[in-house]
Amino acid sequence: MSDHSLYMQRALALAEQGLYTSSPNPRVGCVLVQQGEIIGEGFHRRTGEAHAEVNALQDAQQRGLAVTGATAYVTLEPCSHTGKTPPCCDALIKAGVAKVVVAMQDPNPLVAGAGIQRLRDAGIAVELGVLAEQAEQLNKGFNKRMRQGLPWLRAKLAMSLDGRTAMASGESQWITGPAARSDVQRLRARSSAIISGVDTVLMDQASLTVRAEQLGLDDEPLVAAIVAKQPLRVVLDSTLRLSPEAKLFTQPGPILIITAVAKPQQQQALQAAGAEVLQLSNKQGQVDLAAVMAELGQRGCNEVLLEAGATLAGAFLQQGLLDEITVYMAPTLLGSEARPLFNLPLSSMSQQQRLHIQQITPIGEDWRIDALAIAPVESKG
């Protein structure tokens, strides 16, 4: 592995420290190197605070080390615009770095190559594309939102070895063990929003919150920051059946209820309980799922977690809105009468929905399967 890759790998590890807290901003890390030695490091923790490059420069200054002539390794193109903080490329120019190695160009239209160009105009050498794929994966939600206006949607599902998610009655707690449930808490923590259907919320008395005691993280300040920044809880409720007395309303964090009907009395009751109610309906009188994703993109959501039953999960999959599927498979059997993973009315092999498995990981006594949704198989004959 080249020195460039080694230093960029360190920068990516730093960026990952903002996994749970940086949204809606991207996760970014920066390493400053002088004559083969790291002289400063930094990452972006949360919106409104200093970016990775500025934190790395401050780290070098606190160490009493000179930055002039150094090489900066940054996981995302330094910003060139003024938002809640000044442009990072200007900070690097002012510090006198000689070279900037960038993993990937920023897809944000406000930057999109302008930061790199400003560095080059200032006489700084720029190298682009070191560990680009790893950088792309770290910020897949931010990148998709910048390019398409939509968040990255991951469906979380738990199933038995025979592919069942709940008994025929709807009973589903608990299929998986404590380690898998803790892993789900970390998925929630990295998500800007959690989507669920009203049936799931009513059946499971779900709160859809991130719970400190289940995160399995030892960093107490980080856990406190995660719990304080609860994801937006989105309940899809076509006919406004959710009661203001539901457990959801007793837990901290914002609530958005999306419906397909206009029922002023129910809406007012839900709003009085602390929820925002939004009507997004399609021609069939149901919640418009594509419009839901566009709305969440406009609200700055990078990654969204879908925790729903087979019907809603199947609808998102059929409409091509799912990017990723995370399945926790337990070593148990629920039987042929239990509910399936997805409700998909397929009748021939040509209609099958293929998935690309990225990895399979043991989680306690269960297995976690991460897969990407890909286009349906074309019939060959």
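Which helix holds Gln185? Gln185 is found in helix α7, residues 178–189. Helices (H or I, at least four residues) and strands (E, at least two) are DSSP runs, numbered from the N terminus.

This is a predicted model, so local features need pLDDT of at least 70 and side-chain atom pairs count only at pLDDT 80 or more, while totals for chains, interfaces and linings use all residues. Residues are numbered from 1 along each chain as its sequence is written, and side-chain values use heavy atoms, with hydrogens and water left out.

**Gln185.** Gln185 is buried, at a relative accessible area of 2%. Buried means under 20% relative accessible area, exposed over 50%, and partly exposed in between (1.4 Å probe, protein chains only). Gln185 touches Thr209, Val210, Arg211, Gln214 and Leu215, leaving aside residues up to four places away in sequence. Contact means heavy atoms within 4.5 Å. From Gln185 to Ala212, 27 residues along the chain, the C-alpha atoms are separated by 8.7 Å.

**The sheet.** Five strands form an open sheet with mixed pairing, in the order β2-β1-β3-β4-β5. Two strands pair if DSSP finds at least two bridges between them. The table gives the edge strands, each of which pairs on one side only.

| Edge strand | Residues |
|---|---|
| β2 | 37–43 |
| β5 | 125–128 |

Neighbouring strands are turned by 15 degrees against each other on average, direction ignored. Strand β1 (residues 29–34) pairs with β3 in the antiparallel sense, over four bridges. Cys30 stands opposite Val74 in β3. Helix α2 (residues 52–63) lies across β1, β2 and β3 and runs at about 135 degrees to β2. Axes are lines fitted to C-alpha atoms, for helices over the stretch in contact, and angles run from 0 to 180 degrees between N-to-C directions.

**The aromatic pair.** The count comes to one aromatic pair. Tyr7 and Tyr73 form this tilted pair, 5.1 Å centre to centre with 45 degrees between the planes. Tyr7 lies in helix α1 (residues 3–15) and Tyr73 in strand β3 (residues 71–74), so the pair ties together parts 66 residues apart in sequence. Rings of Phe, Tyr and Trp (its six-membered ring) pair if their centres lie within 6.5 Å; planes under 30 degrees apart count as stacked, over 60 as edge-to-face and the rest as tilted. Tyr7 and Tyr73 are both buried.

**Helix α11.** Among the buried residues of α11 (residues 289–298) are Leu289, Val292 and Glu295. Asp288 caps the N-terminal end of α11, with a side-chain oxygen 3.2 Å from the backbone nitrogen of Ala290. Just after α11, Gly300 takes a positive phi of about 85 degrees.

How values were computed
Polar contact = N/O pair within 3.5 Å; in protein donor to acceptor, adjacent residues only side chain to side chain.
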